Number of protein chains: 2
Amino acid sequence: MSNEYIETEISGLLLFERKVIADERGAVMHMLKSSSRAFDNDFGEVYFSRVTRGVIKGWKKHLEMRQRFVVPVGEVQFVFFDDRVHSESRGRLVELKLSPEFYRLVIVPNGVWYSFKGSGTPDSLVVNCASLEHDPLEVVTLPLGTDVIPYKWLD
Amino acid sequence: MSNEYIETEISGLLLFERKVIADERGAVMHMLKSSSRAFDNDFGEVYFSRVTRGVIKGWKKHLEMRQRFVVPVGEVQFVFFDDRVHSESRGRLVELKLSPEFYRLVIVPNGVWYSFKGSGTPDSLVVNCASLEHDPLEVVTLPLGTDVIPYKWLD
């Protein structure tokens with residue numbers, strides 16, 4: 001059950017349903033179990049990215065790292081763009097809004113561009129359980145105004 | 001550096017400093033890298049516990065699971081109690097207040113009782129990167145008013 005996922009328009013960009021166990025004292029929210037297909041025996045690092053409301057981070061892509069994002073606090077709008085040369089979904093864009101209300105684990109394959117904007121008040125939390133430890137040599141960035149990616153954030 | 005820890009009054013209950021990389025757009029906060037001594041090649045599950053302000057959760061202890069807690073949002077007061085028969089620190093109590101301002105990874109060895117109270121507004125987030133997947137058979141609980149643990153929460 002917890003290992004089921006749905007595919008998106010971008011090949012390898014997958015959404016896994018995750019349990020939120022409601023409790024008036026504060027919910028318990030699952031992210032990743034070692035037995036899940038989302039884990040795949042591939043643990044590099046867990047870290048958090050707080051996102052101030054209205055702030056946009058990106059564009060970034062990782063050459064090697066696979067990322068696993070959830071948003072347990074606030075609300076974050078993600079945009080993904082596939083320009084991988086050998087990808088079936090080359091040229092495709094996917095938009096996703098994650099929050100505790102739409103609580104999903106997103107797997108981002110290496111080579112896919114991403115950017116995100118915080119829309120929670122006062123801020124939001126992105127948790128990433130990445131397949132590799134941070135290594136600046138495998139990260140590529142582009143400015144938000146780039147022409148390479150057919151998406152413009154509105155202010 | 002990131003693998004250094006300090007010991008507490010309870011044997012095996014360890015505090016690791018963790019980086020917070022300040023950024024006006026929202027900080028990046030480290031939790032756990034696979035190369036850290038805190039990881040120890042031991043991944044079971046990552047999950048979140050939201051804690052409404054004023055709520056107290058506990059007492060619990062895990063017979064097998066080692067837990068790794070951080071608090072990236074809000075503020076949470078923890079109390080730990082050691083009644084392990086063969087422990088050098090048997091009978092000891094440790095209190096800790098974790099938050100983004102006092103940002104530490106706490107390792108809780110199996111067999112140590114714990115309870116925690118949310119003091120962040122409106123709620124706080126505890127992240128646990130546990131050594132095992134959740135298994136109700138290895139969890140023991142006691143009511144908050146128990147006489148077994150020499151600690152009383154004030155309302």
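Q: What area is buried between chain B and chain A?
A: About 2,900 Å² in this predicted model, and carbon and sulfur atoms give 57% of that. On the chain B side, B:Arg25, B:Phe48 and B:Arg50 lose the most area to chain A, together making up 25% of what that side buries.

Q: What makes a residue part of the contact, and how many residues does each chain put in?
A: The cut-off is heavy atoms within 4.5 Å. By that test, 35 residues come from chain B and 35 residues from chain A.

Q: Which strands of chain B supply at least two residues of the side that touches chain A, and what is the count between the chains for residue pairs in polar contact?
A: There are 22 residue pairs in polar contact between chain B and chain A, with both residues at pLDDT 80 or more. The strands of chain B that each supply at least two residues of the touching side are β4 (28–33), β5 (45–52), β6 (56–62), β7 (67–73) and β12 (123–130). The largest share, eight residues, comes from β5(B). By class, that side of chain B has 20 nonpolar, eight polar and seven charged residues.

Q: Why is the pair B:Lys33 and A:Glu45 called a salt bridge?
A: The rule asks for a Lys or Arg side-chain nitrogen within 4 Å of an Asp or Glu carboxyl oxygen. The closest N and O atoms of B:Lys33 and A:Glu45 are 3.4 Å apart, so the pair passes. The count between chain B and chain A is two salt bridges, while over all chains the count comes to 14.

Q: What makes A:Asp123 and A:Arg50 a salt bridge, and where do the two residues sit?
A: Here the closest N and O atoms are 3.0 Å apart, against a limit of 4 Å, so this pair counts too. A:Asp123 is in strand β12 (residues 123–130) of chain A and A:Arg50 in strand β5 of chain A, so the bridge links distant parts of the chain, 73 residues apart.

Q: How do you know that β5 of chain A and β4(B) pair?
A: Pairing needs at least two bridges. Strand β5 (residues 45–52) of chain A and β4(B) have five, in the antiparallel sense, so they qualify. Within this pairing, A:Ser49 stands opposite B:Val28.

Q: In what order do the eight strands of the open sheet come?
A: The order is β1(A)-β2(A)-β10(A)-β7(A)-β12(A)-β5(A)-β4(B)-β3(B), with antiparallel pairing.

Q: What makes β1 of chain A and β3 of chain B edge strands?
A: β1 (5–7) of chain A and β3 (20–21) of chain B each pair on one side only.

Q: Which peptide bond at A:Trp59 is cis?
A: The one joining A:Gly58 and A:Trp59, with omega about -10 degrees. A:Trp59 is found in strand β6 (residues 56–62) of chain A.

Terms used:
Residues are numbered from 1 along each chain as its sequence is written. Chains are lettered from A and ligands numbered from 1 in the order in which they are written. This is a predicted model: local features need pLDDT of at least 70, side-chain atom pairs count only at pLDDT 80 or more; totals for chains, interfaces and linings use all residues. Side-chain values use heavy atoms; hydrogens and water are left out. Helices (H or I, at least four residues) and strands (E, at least two) are DSSP runs, numbered from the N terminus. Buried area is the accessible area (1.4 Å probe) that two parts lose on being put together, summed over both. A polar contact is a pair of N or O atoms within 3.5 Å; within protein, one must be able to donate a hydrogen and the other to accept it, and residues adjacent in sequence count only if both atoms are side-chain atoms. Ala, Val, Leu, Ile, Met, Phe, Trp, Tyr, Cys and Pro count as nonpolar, Asp, Glu, Lys and Arg as charged, and the others, Gly among them, as polar.
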